[in-house]
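I set out to record what I looked up in this structure, beginning with the whole chain and ending with one residue.

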Amino acid sequence: MTLKVSWPQALAWRLQRQLLDPVIRQSVPDVVRRLCGVQAQVASSAELAVRVRRQSSAPGDVNRALSDGSLIKTWAMRGTLHLLTPEEGGIFLSLLAAGRSWERPSWVSWFGLGPEEIEILREVVREALDGTVLSREELIAAVTRHPTLGHVGEALRSGWGTVLKPLAWQGDLCFGPMRGTRVTFMRPDQASSRWAGVPDPDDAAPDAIVAYFGSYGPATIENFGNFVARGRISAKQLRTWFTAVGEQLVEVDVDGDLALILADDLDDLAAAKPTNEVRLLPGFDQYVMGPGTDDGHIVQAARRSAVSKQSGWIAPVVLLGGVVRGTWELDGDAARIAWFREAGSPPHEALAAEVARLSSILDRSLGTEIQAV
């Protein structure tokens, strides 16, 4: 018999699974592992995404985890920069690599690199990075010295890293420590002794699916596909991988929407109680990115443009009961909250308490300014 629950129940369960209600004691790698990675184009947002999920933290905890090899930073889900655990990160990279997007005619035509040239590039980069850390320019110099790769220098200088992403997904490189404002690259097997490699995608997929639904369920196959690759993996391939998961996933009815949840989580989901917990989350937070900004259960369609802005920018958000009810920004010594009018009267005390928690994390005194929009 199909379990029936409400969306407020489902989101309350998801908040708990994502370490947002309650916030408990967790290490930095444990937070990143639970979220299946943390988007990290904006380093300060990535650090705050981790810190708001920990009872106690300190500035620089993420950088220390990168330095000691308990985290790596690389291009991952949807081609964006992420923090990953070295033990589990390869399962998600494997699925991205399975899409073979660099073999599409448009990609080959644009960059002038076919499958054979990519394999040469992989070999050159792995050799250049063996036992060392190189800046982008140093890596470009090593690559363009090769007689068949001299033409790729301009593409490699792109901050988007499009030519290097296939190498990241196959475990050939990741980001190293910053040199001031300059990025560096190294090999993940040398960035962390815990690096477990990039498994075969058919072996990796069940683990990736279980990890995702354990934190973002109830969800759909489409949610998962968009989270990992947004169009880089075919629907047929996704269905094949989900078939391999078998009875670990079961269907539930969430206010009439059919979605999937891990069978092991059914009892906890059924027992979940709707919550009025308020949380301020940073830009690009996984709670929003996991289901996607087009998931109307998290971000109402009429408010998507307030959250997902131009050039791929994702605003910091205010959650009430697991639903985005506003956005926020720091303005001097104030947290300015733009509260969505349709959400009703703002919970002033709860918002002030959450700003106080944010003040503690950031070690700065912040006032609370609320405006209905």
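**Charges**

I looked up the charges of this predicted model. The chain has 38 positive and 45 negative charges, and I find their mean positions 4 Å apart.

**The chain as a whole**

I next checked the secondary structure, which comes to 18 helices and 14 strands.

I then asked what radius of gyration the chain has. The value is 21 Å; a compact globule of 373 residues would have one near 21 Å, so the chain agrees with that expectation.

**Burial, surface and contacts**

I looked up burial and found that 53% of the 373 residues are buried. The accessible surface of the chain is about 16,400 Å², and carbon and sulfur atoms account for 49% of that area.

For contacts between residues at least 6 apart in sequence, I recorded that 65% join residues at least 24 apart.

**Alanine 204**

I then turned to a single residue. Alanine 204 belongs to helix α12, which spans residues 201-216.

Finally, I took a distance to glycine 283, which is 79 residues from alanine 204 along the chain. The C-alpha atoms of alanine 204 and glycine 283 are 29 Å apart.

Technical notes:
Residues are numbered from 1 along each chain as its sequence is written. This is a predicted model: local features need pLDDT of at least 70, side-chain atom pairs count only at pLDDT 80 or more; totals for chains, interfaces and linings use all residues. Side-chain values use heavy atoms; hydrogens and water are left out. Helices (H or I, at least four residues) and strands (E, at least two) are DSSP runs, numbered from the N terminus. The radius of gyration is taken over C-alpha atoms; the globule rule is 2.2 Å times the number of residues to the power 0.38. Buried means under 20% relative accessible area, exposed over 50%, partly exposed in between (1.4 Å probe, protein chains only). Contact means heavy atoms within 4.5 Å. Accessible areas come from the Shrake-Rupley method with a 1.4 Å probe; for residues, only the protein chains shown count as cover. Lys and Arg count as positive and Asp and Glu as negative; His and the chain ends are not counted. The place of a charge is taken as NZ of Lys, CZ of Arg, CG of Asp or CD of Glu.
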